[in-house]
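This report looks at one residue and at several charged pairs. Please have the sequence and the 3D view open while reading.

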Amino acid sequence: SRPRGAGGGTVLLPSMLMFGVILASSGLLLMIEKGILAEVKPLHPAAAEAARRGHGGGGVRGGGEEAQGELEYQVLRDIRNRTIRTVCGQPAMPRSVWELPAGQRRTVLRHLLVSDKYRFVYCYVPKVACSNWKRILKVLDGALESVDVKMKMDHKSDLVFLGDMKPEEISYRLKHYYKFIFVRNPMERLLSAYRNKFGEIKEYQQKYGVEIARRYRKNGGSSAGDDVTFSEFLRYLLDEDVERMNEHWMPIYNLCQPCAVRYDFIGSYERLNADANYVLDRVQSPSFVRFPERQSWYKPVTAETLQYYLCNTQRRLIKELLPKYILDFSLFAYPLPNITGEFCRQ
C-alpha cells in the first residue's frame with residue numbers, strides 16, 4: 001500500500017501482500033500450502049446452539065429438514081457478512097470506488113447495471129445467471145415484454161451502466177440505491193466458463209483456445225482451439241494477470257469490488273430462484289416479474305461433474321491457482337475443493 005503523503009491526498013491501496021497477510025491469518029493459505037483442501041463448514045456458536053434447539057422442534061418436512069436447511073443458509077450468510085466486514089475493515093482496503101486504481105474502477109463501473117425506476121444497482125458476474133438478470137432489467141425498463149421472450153441476449157443495448165454516468169451521479173446511486181450481487185463457487189464457475197466458451201463458442205476457441213494450445217502444447221500450432229483441456233485452461237489462468245483476465249473467468253472480487261461497493265444483499269447461485277425473487281420483492285418490482293426458470297437445454301455443472309474434472313487435474317496446478325481466487329472463496333464462504341487422494345478414489 002502507498003503511504004499517505006503530507007498533503008493527505010494519496011489513497012491507500014490494497015496489495016497482494018496485504019491480502020496474503022489477512023488470508024494467512026485465517027489459515028486459508030496455510031491449508032493450501034499443506035494440501036489440506038478438504039471441505040470445511042464452520043458454524044458460528046450462536047447458530048450451532050440454535051440448530052440444537054431447532055432439532056428438538058421438528059414438525060416441518062422430514063422432522064424439521066426445511067427449517068434446518070434455512071438455518072444453515074442463515075449461518076452461511078452470517079459467516080459471509082462477518083468475513084466481508086473483517087477483511088474490508090482493514091485500514092488499507094478501499095472504502096469507495098474512488099479509492100480504486102483507475103483500471104479497477106473502470107472494471108467495476110462497467111459491471112454495475114442501474115435501474116433508476118426501481119432504484120437498484122446490480123453487479124453482474126458472468127456465469128452466475130447474469131443473462132437472466134439482464135432480461136429482467138430490460139423487462140423492468142419496458143424494452144422487453146417478458147423474460148420468456150425467445151431471443152439472443154444483447155449484453156449492451158437497453159441496459160444502463162453506472163460507468164456511463166457522471167461522478168456525482170455515480171456517487172448518488174451508490175449511496176442511495178439498493179445494491180446487490182450474486183456469487184458462485186469459484187471452481188464451479190471456472191468449469192462452467194470452460195465448458196461453455198471452449199466447447200460451444202467459436203469466437204472464444206479462436207481468440208483464446210488457439211493461443212492456449214500454442215502456448216502449452218507441443219506442436220499445438222495446428223489446433224483450432226476447440227480441443228483445449230481443462231488443465232491447459234487452468235495453466236493459462238495461472239499465467240494470466242488477474243486484472244487483465246476476460247470477465248468470464250476474472251475473480252468476482254475484481255469484477256464487483258465488495259469492499260469499495262457496500263452491497264446490501266449477496267445472493268448465491270445455489271439458491272438462485274429464492275434469492276432472486278427476494279431481491280425482486282425488495283425492490284418492489286411488478287408481481288408478474290419473476291426470475292425465469294432454467295432452460296430445458298441448459299446443462300448445469302453438477303457436484304459430480306466438478307469433482308470429476310478436479311480429480312483428473314494435477315493437484316499441484318489447482319493448489320497454485322487457488323490463491324488467485326482465494327478472496328472469492330473466503331469472502332463468499334465457499335469451501336476449498338476437496339482433491340485429497342482418498343476423496344478422489346471414491
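## Arginine 184 and glutamate 188

In this predicted model, arginine 184 and glutamate 188 join their side chains in a salt bridge, with 2.9 Å from N to O. Arginine 184 has a relative accessibility of 1% and counts as buried. Glutamate 188 counts as buried too, at 14%, because the cut-off for buried is under 20% relative accessible area.

## Glutamate 232 and arginine 217

A salt bridge also links glutamate 232 to arginine 217, and their closest N and O atoms are 2.7 Å apart. Glutamate 232 belongs to helix H10 (residues 230–239), while arginine 217 sits in the loop between helix H9 (202–216) and H10, so the pair ties together parts that are 15 residues apart in sequence.

The two partners fall into separate accessibility classes. Glutamate 232 is buried, with a relative accessible area of 10%. Arginine 217 is partly exposed, at 24% relative accessibility.

## Arginine 316 and glutamate 320

Arginine 316 and glutamate 320 form a salt bridge through their side chains, at 3.1 Å from N to O. Both residues lie in helix H14 (residues 315–331), and because they are 4 residues apart, about one helical turn separates them.

Arginine 316 has a relative accessible area of 46% and is partly exposed. Glutamate 320 is likewise partly exposed, with 37% relative accessibility.

## Salt bridges in the whole structure

How many salt bridges does a search of the whole structure find? The search finds 14. Some residues are joined in a network of salt bridges: Glu70, Arg77, Arg271 and Asp275 are linked in this way.

## Asparagine 196

Asparagine 196 is located in helix H8, which covers residues 186–200. Is asparagine 196 buried or exposed? With a relative accessible area of 15%, asparagine 196 is buried.

Leaving aside residues up to four places away in sequence, asparagine 196 touches Lys127 and Ile201. The side chain of asparagine 196 makes a polar contact with the side chain of lysine 127, at 3.5 Å. Another polar contact, at 2.9 Å, runs from the side chain of asparagine 196 to the side chain of glutamate 200.

Sequence separation and distance in space can also be set side by side for asparagine 196. Asparagine 196 and lysine 299 are 103 residues apart in sequence, and their C-alpha atoms are 9.9 Å apart in space.

Key
Residues are numbered from 1 along each chain as its sequence is written. This is a predicted model: local features need pLDDT of at least 70, side-chain atom pairs count only at pLDDT 80 or more; totals for chains, interfaces and linings use all residues. Side-chain values use heavy atoms; hydrogens and water are left out. Helices (H or I, at least four residues) and strands (E, at least two) are DSSP runs, numbered from the N terminus. Buried means under 20% relative accessible area, exposed over 50%, partly exposed in between (1.4 Å probe, protein chains only). Contact means heavy atoms within 4.5 Å. A polar contact is a pair of N or O atoms within 3.5 Å; within protein, one must be able to donate a hydrogen and the other to accept it, and residues adjacent in sequence count only if both atoms are side-chain atoms. A salt bridge is a side-chain nitrogen of Lys or Arg within 4 Å of a carboxyl oxygen of Asp or Glu.
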